[in-house]
Amino acid sequence: MVFVNGKEQTANGKTVEDIINEMNIDKRTIAVELNEEIVSKVDYDSTTLKDGDVLEVVSFVGGG
Amino acid sequence: MVPTKEEFFSALEFRHGRKNQRKFADATVAICGLGGLGSNIAICLARAGIGKLILIDFDVVDVSNLHRQQYMASQVGMYKTEALKENLLEINPYITIESCTVRMTEDNTVKLVSEADVVCEAFDKAECKAMVVNAVLTDFKDKIIVSGSGMAGFSSANAIVTKKLSNRFYMCGDGVSDVNDGIGLIASRVMVCAAHEAHIVLRLLMGEQTP
């Protein structure tokens with residue numbers, strides 16, 4: 001099991017890219033942290049999740 | 001009459017404590033975007049006696065900015081970097097300001113913020129927010145980024161909070177109120193978010209890591 005934005009789910013073997021695609025969000029407006037470390041955009045499809053991983057997909061909204 | 005430097009800093013030490021004030025005076029903070037968030041963050045930090053601010057924005061003051069951004073009607077048409085520098089020096093004549101009138105991109109972010117202890121993301125567009133957060137977290141090993149996301153509209157000001165997402169990434173806002181949903185931007189709610197960003201910067205400089 002892994003934690004994606006605080007929710008436990010089965011995601012073993014999936015990549016960060018897979019998770020983002022499932023969320024149906026604009027990749028230009030996100031930052032992703034895996035176990036509190038930033039995942040560079042170029043590494044989304046090569047980063048595979050393993051048991052116990054904590055993934056935060058931060059989706060920014062406009063306004064400032 | 002403008003107070004002397006000694007008078008000015010003695011008044012700040014009285015409010016903040018000598019130890020904290022020394023940390024603020026030694027600090028450099030970069031502010032990326034000088035709109036509703038950035039101009040208000042800059043004013044909070046200048047009033048607190050931060051030593052140096054790096055102000056980054058390519059745009060000029062527009063009449064449509066005056067409802068929430070810290071500019072004067074007489075400054076419409078000026079570069080925001082120059083207008084804000086003028087206003088900040090009126091508040092704190094002893095602050096050091098570096099004005100960078102450029103559009104921030106993936107290519108120049110590292111150079112623009114390299115000197116800063118803390119970087120404040122204060123852009124309007126979601127993709128610009130994401131760009132600078134990704135760049136700072138990816139390209140530096142020790143720099144902290146404070147970001148603002150979700151402050152549009154008339155919803156409760158109490159929904160705006162500061163969250164610590166990791167050791168180097170703090171996020172202020174309600175996370176969901178998107179200006180693109182046609183709910184507008186209101187000075188008071190934007191200022192609440194800006195104050196959250198400025199406040200966590202001060203806490204981090206004092207050595208406090210909890211939001």
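Biologist: How many bridges join strand 4 of chain B to strand 5 of chain B?

Modeller: Three bridges join them, and the two strands run parallel. Keep in mind that this is a predicted model. One pair you can look up is B:Val118, whose bridge partner in strand 5 of chain B is B:Ile144.

Biologist: OK, and what does the chain pass through on the way from strand 4 of chain B to strand 5 of chain B?

Modeller: The path goes through helix 6 of chain B, residues 126-139, and this β-α-β crossover is right-handed.

Biologist: Which way does strand 1 of chain B pair with strand 4 of chain B, parallel or antiparallel?

Modeller: Parallel, over four bridges. Strand 1 of chain B covers residues 28-32. Look for B:Cys32, which has B:Glu121 of strand 4 of chain B as its bridge partner.

Biologist: Are the residues of strand 4 of chain B buried or exposed?

Modeller: B:Val118 and B:Cys120 on one side are buried, and so are B:Val119 and B:Glu121 on the other. Both faces of this strand, residues 118-121, are covered.

Biologist: Switching to the nonpolar core. Which residues touch the most other members in the largest one?

Modeller: B:Ile31, B:Leu45 and B:Leu53 do, in a core of 42 residues. Several elements of chain B each supply at least two residues of this core, including strand 1, helix 3 (36-47), strand 2 (52-56) and helix 4 (80-91). The largest share is nine residues, and that comes from helix 7 of chain B.

Biologist: Why would residues like that end up in one place?

Modeller: In soluble globular proteins, nonpolar side chains tend to be buried together.

Biologist: What comes after helix 7 of chain B?

Modeller: There's a segment there that holds B:Gln209. B:Gln209 is partly exposed, because its relative accessible area is 44%, and the cut-offs for that class are 20% and 50%.

Biologist: Now pockets. What's the volume of the largest pocket?

Modeller: About 480 Å³. The largest pocket is lined by 24 residues, and B:Asp57, B:Phe58, B:Asp59, B:Asp124 and B:Lys125 lie nearest its centre. By class, its lining has nine nonpolar, seven polar and eight charged residues.

Biologist: And which residues are closest to the centre of the second largest pocket?

Modeller: A:Val58, A:Ser59, B:Lys163, B:Met171 and B:Gly175, out of 18 lining residues. The volume of the second largest pocket is about 350 Å³. Its lining divides into 10 nonpolar, five polar and three charged residues.

Biologist: Which element gives the largest share of that lining?

Modeller: Strand 5 of chain A, with four residues. Strand 6 (161-166) and strand 7 (169-173) of chain B also give two or more residues to the lining of the second largest pocket.

Biologist: Over to chain A, then. In what order do the strands of the open sheet sit?

Modeller: The order is 2-1-5-3-4, with five strands and mixed pairing. Strand 2 (7-9) and strand 4 (37-38) of chain A are the edge strands, and each pairs on one side only.

Biologist: How many bridges are there between strand 1 and strand 2 of chain A?

Modeller: Three, and those strands pair in the antiparallel sense. As a spot to check, A:Val2 stands opposite A:Gln9 in strand 2 of chain A.

Technical notes: Residues are numbered from 1 along each chain as its sequence is written. Chains are lettered from A and ligands numbered from 1 in the order in which they are written. This is a predicted model: local features need pLDDT of at least 70, side-chain atom pairs count only at pLDDT 80 or more; totals for chains, interfaces and linings use all residues. Side-chain values use heavy atoms; hydrogens and water are left out. On a 1 Å grid over the protein atoms alone, a cavity is a set of points where a 1.4 Å probe fits but cannot get out, and a pocket is an open set with protein on both sides within 12 Å along at least five of seven lines; lining residues have an atom within 4 Å of a point. Grid points are joined across faces, edges and corners, and a volume is the space filled by probe spheres set on the points. Ala, Val, Leu, Ile, Met, Phe, Trp, Tyr, Cys and Pro count as nonpolar, Asp, Glu, Lys and Arg as charged, and the others, Gly among them, as polar. Buried means under 20% relative accessible area, exposed over 50%, partly exposed in between (1.4 Å probe, protein chains only). Two strands pair if DSSP finds at least two bridges between them. A crossover is right-handed if, with the strands pointing away from the viewer, the path from the first strand over the helix to the second runs clockwise. A nonpolar core is a set of buried Ala, Val, Leu, Ile, Met, Phe, Trp, Tyr and Cys residues joined through side-chain atoms within 4.5 Å.
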